[in-house]
Amino acid sequence: MNVFSPNLPNLRHLSVLTLLAQGHSVHAVARLMHVSQPAVTLALSRIEVQFNAELFERSPRKGLTITPYGDVLERRARRLIARLEAGTLAALRHSSAGELGDEDVERSRYIVRRLSTRKVQAVAALANSPNSRIAAERLGITQASLRRLVTDVQDLLGVEILSS
């Protein structure tokens with residue numbers, strides 16, 4: 001899958017999928033993600049439409065039970081999210097002089113839950129391009145939009161990515 005593709009799954013939807021697969025209720029996922037319960041349900045519906053597959057069986061008595069297809073997708077999503085968290089921790093480690101503690105691990109999870117796919121694409125395009133003009137062209141956006149996306153990530157991390 002091309003990292004610059006506009007058809008990548010939404011990271012927040014993948015986070016919803018992984019949390020639901022871990023056995024959290026829709027209510028608990030909404031609380032963890034700082035969104036409403038209808039937003040969680042909508043995220044699940046959208047990712048099912050995107051992958052054209054039922055990811056959970058729904059039962060009034062049992063609630064949600066992950067399907068085999070949902071299980072495969074959840075494992076991949078979990079690996080992706082773990083890599084993003086590791087990258088976030090590396091950025092935090094790079095910016096701090098000391099050792100990272102448990103609060104930094106929680107901070108990295110918090111940050112990853114707030115990242116959008118487009119923000120990750122912007123940082124990846126910038127890292128893999130000789131300059132911001134080419135990075136923006138790869139994404140089909142303006143340089144100002146690229147700068148805004150990367151600045152949002154910088155603000156979340158508290159780490160400079162773009163030099164002024």
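1. Basis. The model is predicted, so local features require pLDDT of at least 70 and side-chain atom pairs count only at pLDDT 80 or more, whereas totals for chains, interfaces and linings use all residues. Residues are numbered from 1 along each chain as its sequence is written, and side-chain values use heavy atoms, with hydrogens and water left out.

2. Overall layout. The protein has eight helices and two strands; these are DSSP runs numbered from the N terminus, with helices being H or I of at least four residues and strands E of at least two. Their order from the N terminus is α-α-α-β-β-α-α-α-α-α. Along the principal axes, the C-alpha atoms fill a box of roughly 55 × 40 × 25 Å. Of the 164 residues, 38% count as buried (under 20% relative accessible area, with a 1.4 Å probe and protein chains only). Among contacts (heavy atoms within 4.5 Å) between residues at least 6 apart in sequence, 49% join residues at least 24 apart.

3. Helices α1 and α3. Helix α1 (residues 11–21) packs against helix α3 (residues 37–51) at about 105 degrees, with the axes 9 Å apart. Axes are lines fitted to C-alpha atoms over the stretch in contact, and angles run from 0 to 180 degrees between N-to-C directions. The angle therefore makes α1 roughly perpendicular to α3 (65 to 115 degrees). On α1 the contact involves H13, L14, V16 and L20, and on α3 it involves V40, A43, L44, R46 and I47. By class, seven of these residues are nonpolar, one is polar and one is charged (nonpolar: Ala, Val, Leu, Ile, Met, Phe, Trp, Tyr, Cys and Pro; charged: Asp, Glu, Lys and Arg; polar: the others, Gly among them).

4. Helices α6 and α7. For helix α6 (residues 117–127) and helix α7 (residues 132–139), the packing angle is about 135 degrees and the axes lie 8 Å apart. R118, Q121, A122, A125 and L126 of α6 meet S132, A135, R138 and L139 of α7. This contact comprises five nonpolar, two polar and two charged residues.

5. Residue T67. T67 lies in the loop between β2 (63–66) and α4 (68–95). Because its relative accessibility is 7%, T67 counts as buried. The T67 side chain reaches the backbone nitrogen of G70 at 3.0 Å. Leaving aside residues up to four places away in sequence, T67 touches E54, L55, F56 and E57.

Terms used. Buried < 20%, exposed > 50% of the residue type's maximum accessible area, 1.4 Å probe, protein only. Polar contact = N/O pair within 3.5 Å; in protein donor to acceptor, adjacent residues only side chain to side chain. Parallel < 35°, antiparallel > 145°, perpendicular 65-115°, else oblique.
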